[in-house]
Amino acid sequence: MNDRPMNPYLAGVLLGLVLLLTVFVTGRGLGASGATKSVVVAAVGAAAPEHAAANPFYAKLVGPGHENPLKAWLVFEVAGVLLGAFVSGLGAGRLKVGTERGPRVSVRGRLLFAAAGGALFGAGAQLARGCTSGAALSGMAVLSVAGFVTMLAIFGTGFAFAWFTRGLWLPGKAKR
Amino acid sequence: MGPFVPDLITDQLNLVVALAVGFLFGFVLEQAGFSSSRRLVGVFYGYDLTVLRVFFTAAVTAAVGILLLAAGGLLDLKAIFVNPTWLWPAIAGGAIMGLGFLLGGFCPGTSVCAAAIGKVDAMAFLGGSVLGVFAYAELFPRFAGFADSSALGPALVPDALGISAGLFVLLLAAAAIAAFAVGGIVERKVAGAAAPSSAFPRRLHVASAALLLAVAGLAAALPDRKARLVAKVSAPGYAPHHLVRPMSPDELAFRIVDGDHRLRVVDLRGEAARAARPLPGAVSVPADDVLGREWRDVFARRMVQKVVVAPTEEEARTAAFLLVETGFENLAYLAGGFPAFERTILTPGAPAGEPRFAPVVERFRTEARAALAERARLEKEAGTPAPRKAKKVQGGC
């Protein structure tokens, strides 16, 4: 964290304007987790079509009568996110392969916990119909109940359980 | 008027738009420093509140902007996607995501950003999220009932609280500013000089907060577009910039019976009234929805005269004026409201007025009455046309 990012309020206004532009032009908000879902659905649909047809989660999106699930708005949007973040990181001199971790965690531990966190986020986003971007942020912008409830649930749980995961992130000054 | 999907922007072109707005999204997220997991989770420990600042500011900015665009008539709020609520699944899913945030240090969008600049932990997070979605999908049939429970539809918070959207957004902006002020104090207490807020230009931020409150207050105070237009056309001395003429019941009856293809009857009456006294060939439009997008192609035909029929002449005239204000022309309204039509055309009796024309008028009205009844009967036999529906944007994750 030696590099100073953009002023957060300015970044917030810019992010809000990007979201506003998206709603104004396309009538929908931004998202992220939907792309992961498309990848999974496409992979299962290609590898095991009968299995996909038997499960309503896949069958809603893949199989006869459906377009390729990868030809989805959010897949293209997330491809754009990847490009945009790369260009930003390039400009700021932040391109560097490495693992960022708390002072008390090994690299292997960090990667395991990151994957576990990703798995929880992926599953939770299916249940809540969207993640921090698609459900919480975009939902709050259009004042939806789902947006505010999801936001409160994510951050409320985060604050409530942060104490238990402090070993992953904070230096252990209390220990001797 | 936005949104431009699906009318102006096709589904294919929309994918290009997705790539472009995704680029901007990713660029801003990365510029905000969201490619660092330790900065992101700082919000939960108080040493770095960047997430709170960026996220809350973005939500308020977009909400205020959407209200302003709608008040200016540039964005159709009925057409945009509002993510539907499944209350308990949203709470449970949010709680699971909160735990995922603590363990993983990212959310899906920020993990994509961090992976893009080479963070291996973010790639692990993305791999894990694929597994998480797969596990969810495989187990889905077991709890599909819960996943679809407590459905509230596209519910809005201001409606649930019983306040206007503008007031709610103003309160939200005030809550954001309060959270930023308190958060800054906490952050400096926890992290001291290392806290990002210790380097903030204090005066500029106070001025920005005041500006935000002013803009949110403006958004709250602006009447919505329709209320503004109704007030404008109801004001004394209002003159429409295209001729809007009253049409007598006799002319309306004659032109309907004549099959005049340069006439379109726009019926604003309620369903019961329409069923009892149908007007053949009319398009029925809900009285409070004359400005809806779904009728635009009806009103946009310039060579066809649109005659508005309503329970009272005033309602019909106001609707016609509203349509002229929003850019349509060649409009008329039924003089005297529908009761005048019912009294003169649909009820047998000697016509008022010049006695020497009375027999001719009475004969015309008798024939018109019979012809209208016949047309209505044929239309009923043919079945009612499917109701028009506004195209709605599909969205969501």
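Which helix gives the largest share of the nonpolar patch?

**Entry 1: the model.** I noted that this is a predicted model. I looked up chain A and found 9 helices and 0 strands. Read along the sequence, the pattern of chain A is α-α-α-α-α-α-α-α-α. I also looked up the extent of the C-alpha trace of chain A, which is about 60 × 35 × 35 Å along its principal axes.

**Entry 2: the contact between the chains.** I looked up how many residues take part: 120 residues from chain A and 122 residues from chain B. I wanted an area as well, because the size of an interface is often given as the accessible area lost when the parts come together. Chain B and chain A bury about 10800 Å² between them. Carbon and sulfur atoms account for 75% of that area. I then looked up polar contacts, and the count between chain B and chain A is 38 residue pairs, both at pLDDT 80 or more. I sorted the side of chain B that touches chain A by class and wrote down 82 nonpolar, 31 polar and 9 charged residues.

**Entry 3: the nonpolar patch.** I listed the members of a nonpolar patch on the surface: A:Phe86, A:Val87, A:Leu90, A:Leu95 and B:Phe27. Together they have about 390 Å² of accessible area. My opening question is settled here: helix H5 of chain A, residues 73-92, gives the largest share, 3 residues. I checked A:Phe86 and found it in helix H5 of chain A.

**Entry 4: salt bridges.** I reminded myself that side chains of opposite charge can pair when their charged atoms come close. Over all chains the structure holds 20 salt bridges, and the count between chain B and chain A is 4. I looked up A:Arg94 and B:Glu30, which form a salt bridge with the closest N and O atoms 2.9 Å apart. A:Arg94 lies in the loop between H5 and helix H6 (107-127) of chain A, and B:Glu30 lies in helix H1 (residues 11-31) of chain B. I also looked up B:Lys119, which forms a salt bridge with A:Glu100. In that pair the closest N and O atoms are 3.3 Å apart.

Note on methods:
Residues are numbered from 1 along each chain as its sequence is written. Chains are lettered from A and ligands numbered from 1 in the order in which they are written. This is a predicted model: local features need pLDDT of at least 70, side-chain atom pairs count only at pLDDT 80 or more; totals for chains, interfaces and linings use all residues. Side-chain values use heavy atoms; hydrogens and water are left out. Contact means heavy atoms within 4.5 Å. Buried area is the accessible area (1.4 Å probe) that two parts lose on being put together, summed over both. A salt bridge is a side-chain nitrogen of Lys or Arg within 4 Å of a carboxyl oxygen of Asp or Glu. A polar contact is a pair of N or O atoms within 3.5 Å; within protein, one must be able to donate a hydrogen and the other to accept it, and residues adjacent in sequence count only if both atoms are side-chain atoms. Ala, Val, Leu, Ile, Met, Phe, Trp, Tyr, Cys and Pro count as nonpolar, Asp, Glu, Lys and Arg as charged, and the others, Gly among them, as polar. Patches are made of residues with over 30% relative accessible area and no salt bridge: like charges are joined within 9 Å, nonpolar side chains (Val, Leu, Ile, Met, Phe, Trp, Tyr) within 5 Å. Accessible areas come from the Shrake-Rupley method with a 1.4 Å probe; for residues, only the protein chains shown count as cover. Helices (H or I, at least four residues) and strands (E, at least two) are DSSP runs, numbered from the N terminus.
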